[in-house]
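Let's take a walk through a structure with two protein chains. Keep the sequence and the 3D view open while you read.

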Amino acid sequence: MAASTMQTARARGVAAGCKEAGLAAFVALMLALPMAGFETIGTATAIGLAWRPGLVIVPVAAVFIGRFLLSLLWHRQHPRPRTEAAPSVMDRVARGVSRGVVYVIPFLLLFAIALPFLPFSNRYVIDTATSVLIYVMLGWGLNIVVGLAGLLDLGYVAFYAVGAYSYALLATHFGWSFWACLPLAGLFAALAGILLGFPVLRLRGDYLAIVTLGFGEIIRLILLNWYAVTNGPNGISRIPRPTFFGLEFTRRSEAGMPAFHEFFNLSYSGEHRVIFLYFLILCLALITNAFTQRIRKLPVGRAWEALREDEIACRSLGINPTNTKLTAFGLGAMFGGFAGAFFATRQGFVSPESFSFIESAIILAIVVLGGMGSQIGVVLAAVLLIVLPELGRVLEQFRMLVFGGAMVAIMVWRPSGLLAYREPTLRLHGKARGVGGTA
Amino acid sequence: MTQTAAQVHHVPLLTVEHMTMRFGGLLAVDDLSFVAKTCQITAIIGPNGAGKTTVFNCLTGFYKPTVGRLTLHHPRGPLLLEQMEGYRIAKEANVARTFQNVRLFAKMTVLENLIVAQHNVLMRASLCTVAGLFGLPRYRHAERAAVEKARYWLDKVQLTEYADWEARSLPYGAQRRLEVARSMCTDPILLCLDEPAAGLNARESAKLNELLCSIRDEQGIGLLLIEHDMNVVMEISDHIIVLDYGRKIADDTPQVVRRDAAVIKAYLGEEEEDELPPEVVEALKAERERSS
């Protein structure tokens, strides 16, 4: 009796597995047929198509078998009731990490400061680290809008672009220094943020995402087409590099001030500038972080989070949703602008190409992957997203495949981000007793 | 307190005149007029779809009434609620509300929920964030005061030990009480409660009654209450307004309203008496005998 029910259950499992595997194989077939199934070959007169059955049959078969085995595996395990309240192992790990992070942060910081002087570091390492830090800063900036205020922004790169072009134009036209332009770049970006904020005040979620996506494209198209000001697709080149309190990082100093290496009696090295840029972005990123951490504990920050949780309740408590949203957009954009100015001075060249949608997507991915609202999660995700593809260079053409797979895996295991843990902004009983309910 | 309470006792707090709310062809509220007084619990009752929540939504600025005047007799002078934007009704007119389906800031802690409610006070103290950003003493004092007020209300609703819990992890009854505490943290002069006892068991419901009565007696404010639970309504209200299909059919003390023929009819229907469960029919008969 028991054996027969077991058998029927198994048979049902096999049937279900076949069905699921068949579906997955069908999807794979639809994808593989046009993408891998045909090869264009040049004949004497025209381009022809060659049929490559092997490249279709093998992956489709692999998908079918893999999916079938997976469903059998899942079927055998008892369906576990998954409740929101019961924290999974990974949740506990995340909470542990977030708590323990307090002790790790000084070491991370020390590592970040020492990085350029470590024996293995070379120009490539420092450059990569600088890129990571740009994305960390952008992630922290976007975290204000998406993580705290809960406003899904798909056009964040627009503010990055506004900051970059502000500095590029002010510096090339008026010869203003980086340090004078930095606050202005932030200001212009914040204004752009508020400008975007007004029309989208009533929107939430998907609708907001679409409008911000459009806004990002508008800014890019303006940069591309307003030839007289932005020099169109050619971009702006020869943007002045930043100076160290007026000391330039050149082999020969210009009139007046000595160059950096002359002033400090060092032999000239191109790496000085790279290291300086690294520390510059490190400082900017840390300022962004300090600001966010601080403002989270102020009424505005709490209002942002409350707005994310429930806008209607916010209104019933007398919180002005308009102002609250606009400050989130404005401040988030401001840090994007700072990062943009840094980007312009680092590259010495800006063009609309650098501000395509994919950049917005990467920044958003960093925030979401890190765990919305989690500051250290952003760092982790930025390192993953920037360093992983770099490390993956050995994999050559499979690089992006592995990268995509890794992202899917992370989202499957940690659907709310790597370190989704929210530290309360203030406690009544101190840390020891507040453990119970914060699942 | 007692002196001032005696002075303001039963002074009209909210005067609603000829309020009508129309959604397209649907007349949700039809020419409703009533007065709510300070230090009183005024209950609005009625069958499902009678327009009770619509009245609340008009009062708290979520809807603009099609016709009508809603005057709040604020100590600083009368305010016309129908002309005020939603958030300003809470901020400037000091009208607070709770919701039928609890609306807490789920992922924030209990304490944070109460601090967010004091947003406007803290915002002023932090000089729109500037003072707060630099940690000036002015802001730190204000924050400490805010935490003290939160602690007072936590004690009052018996949630002090859960202060650092996420709001969503509280049991339902506690969430209801927290929502009341949160609206009280905005220093209201009129508190509107939309079915506060919905989904509570008898013990929780009794606790809530106690809380509402103590708010009325100690804070000297007016309470406006929508409720289905007749035990709650009859026990704690000082004044009851009965709506049916958007129209007012009764407006009196609980003792009078419970014997009102129109009210009993609206609640139980006349024709379908045969289909009602026997115990309800019994109760209805007893009610009629008492009233005749």
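What follows goes from the overall layout of chain A to chain B, and then to a few single residues.

First, some housekeeping: this is a predicted model, where local features need pLDDT of at least 70, side-chain atom pairs count only at pLDDT 80 or more, and totals for chains, interfaces and linings use all residues. Residues are numbered from 1 along each chain as its sequence is written, while chains are lettered from A and ligands numbered from 1 in the order in which they are written.

**Chain A**

Chain A has 16 helices and two strands. The C-alpha trace spans about 95 × 80 × 50 Å along its principal axes. Of the 439 residues in chain A, 37% are buried. A buried residue has 20 or more other C-beta atoms within 10 Å of its own, an exposed one has 12 or fewer, and a partly exposed one falls in between, with C-beta atoms placed from the backbone.

Chain A is assigned domain 1 (9-76) and domain 2 (98-413); such bounds come from an automatic or database domain assignment. The C-alpha centres of these two domains of chain A are separated by 41 Å.

| Helix | Residues in helix | First to last C-alpha | Expected span |
|---|---|---|---|
| H6(A) | 20 residues | 28 Å | 28 Å |
| H13(A) | 27 residues | 39 Å | 39 Å |

Which helices do the buried residues of H6(A) pack against? They pack against helix H5 (157-174), helix H7 (205-225) and helix H13 (321-347) of chain A. Among those buried residues are Phe178(A), Leu182(A), Phe188(A) and Leu196(A). As for H13(A), 22 of its 27 residues are buried, so this helix is largely enclosed by the rest of the structure. Just after H13(A) comes Gly348(A), with a positive phi of about 75°.

**Where the chains meet**

Chain A and chain B each put 33 residues into the contact between them. Two residues count as in contact if their C-beta atoms, placed from the backbone, lie within 7 Å. On the side of chain B that touches chain A, helix H3 (86-91), helix H4 (110-116), helix H5 (119-125) and helix H6 (130-133) of chain B each supply at least two residues. That side divides into 15 nonpolar, ten polar and eight charged residues. Here Ala, Val, Leu, Ile, Met, Phe, Trp, Tyr, Cys and Pro count as nonpolar, Asp, Glu, Lys and Arg as charged, and the others, Gly among them, as polar.

**Chain B: sheet and domains**

Now find the open sheet of chain B, whose four strands run in the order S2-S1-S4-S5 with antiparallel pairing. Strands pair if DSSP finds at least two bridges between them. Strand S2 (26-37) and strand S5 (77-80) of chain B stand at the edges with a single partner strand each, so one side of each has no neighbour in the sheet. S1(B) and S2(B) pair over eight bridges, and Thr15(B) has Val35(B) as its bridge partner in S2(B).

Chain B is assigned domain 1 (1-94 + 187-254), domain 2 (103-185) and domain 3 (259-292). Domain 1 of chain B gives eleven residues to its contact with domain 2 of chain B, which gives ten. On the domain 1 side, H9(B) gives the most, with four residues.

Ser205(B) sits in helix H9 of chain B. Is Ser205(B) buried or exposed? Ser205(B) is buried, because 20 other C-beta atoms lie within 10 Å. Leaving aside neighbours within four places in sequence, Ser205(B) is in contact with Ala197(B), Leu200(B), Asp229(B) and Val232(B).

Asp187(B) lies in the loop between helix H8 (172-184) and S7 of chain B. Its phi is near 55°, a positive value in a residue other than glycine. Asp187(B) is partly exposed, with 16 other C-beta atoms within 10 Å.

Glu195(B) is in the loop between S7 and H9 of chain B, and its phi, near 50°, is positive too. Glu195(B) counts as buried, with 21 C-beta neighbours inside 10 Å.

Notes
The expected span of a helix is 1.5 Å times one less than its number of residues.
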